[in-house]
Amino acid sequence: MQTVTVSEKGQVVIPADIRRRLGITPGCQLEFILEGNALRVEVKRRVQPSLPEEGYGMLVCKKTGERRLSEFDVAEAMRETRDDCD
């Protein structure tokens, strides 16, 4: 049995070994069930983690020269793509 501390916002960290065992990944939905003075948590929906390479090629930059990721604006790139399709 493991003990965790509740934050001021009511948040708790599920221990890593429990997350691995139950397949809990970011985006999973958990259901909290109150049973008397006990709390039961069930995994309702699992979400498979995505890999960066799964999004490869979704956006293409036609500009030449050196580019920095910090200068990349997703919204602008999507607008440019939409404008190309019109």
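Helices and strands here are DSSP runs, a helix taking at least four residues and a strand at least two, numbered from the N terminus. With that in hand, the order of elements from the N terminus on is α-β-β-α. That makes 2 helices and 2 strands in the chain. One caution before I go on: this is a predicted model.

Let's start with the strands. S1 covers 29–35 and S2 covers 38–45. They run antiparallel, and 7 bridges join them. Two pairs to look at on the screen. Leu30 has Val43 as its bridge partner in S2. Ile33 has Arg40 as its bridge partner, also in S2. Now the turn. The hairpin leaves 2 residues between the strands. Gly36 takes a positive phi there, near 65°.

I'll take the second largest one. Lining it are 16 residues, and the closest to the centre are Val12, Ile14, Leu30, Phe32 and Val41. So what kind of residues make up this lining, by class? The lining of the second largest pocket has 12 nonpolar, 3 polar and 1 charged residues.

Which elements supply it with at least two residues each? Helix H1, at 16–22, is one of them, along with S1 and S2. S2 gives the most to this lining, with 3 residues.

Now the chain as a whole. It has 86 residues, and 6% of them count as buried. The cut-off for buried is under 20% relative accessible area. The chain exposes about 8300 Å². Carbon and sulfur atoms supply 53% of that area.

Last, contacts. Take the contacts in the chain with a separation of 6 or more. Residues 24 or more positions apart account for 4% of them.

To recap: the order is α-β-β-α, S1 and S2 are joined by 7 bridges, and 6% of the residues count as buried. That's it from me.

Definitions and conventions:
Residues numbered from 1 in each chain as written. Predicted model: local features only at pLDDT ≥ 70, side-chain atom pairs only at ≥ 80, totals over all residues. Heavy atoms only, no water. 1 Å grid on protein atoms, 1.4 Å probe; cavity = no way out; pocket = protein on both sides within 12 Å on 5 of 7 lines; lining within 4 Å. Nonpolar A, V, L, I, M, F, W, Y, C, P; charged D, E, K, R; others polar. Pairing = 2+ DSSP bridges. Buried < 20%, exposed > 50% of the residue type's maximum accessible area, 1.4 Å probe, protein only. Contact = heavy atoms within 4.5 Å. Areas by Shrake-Rupley, 256 points an atom, 1.4 Å probe, with all protein chains shown as cover.
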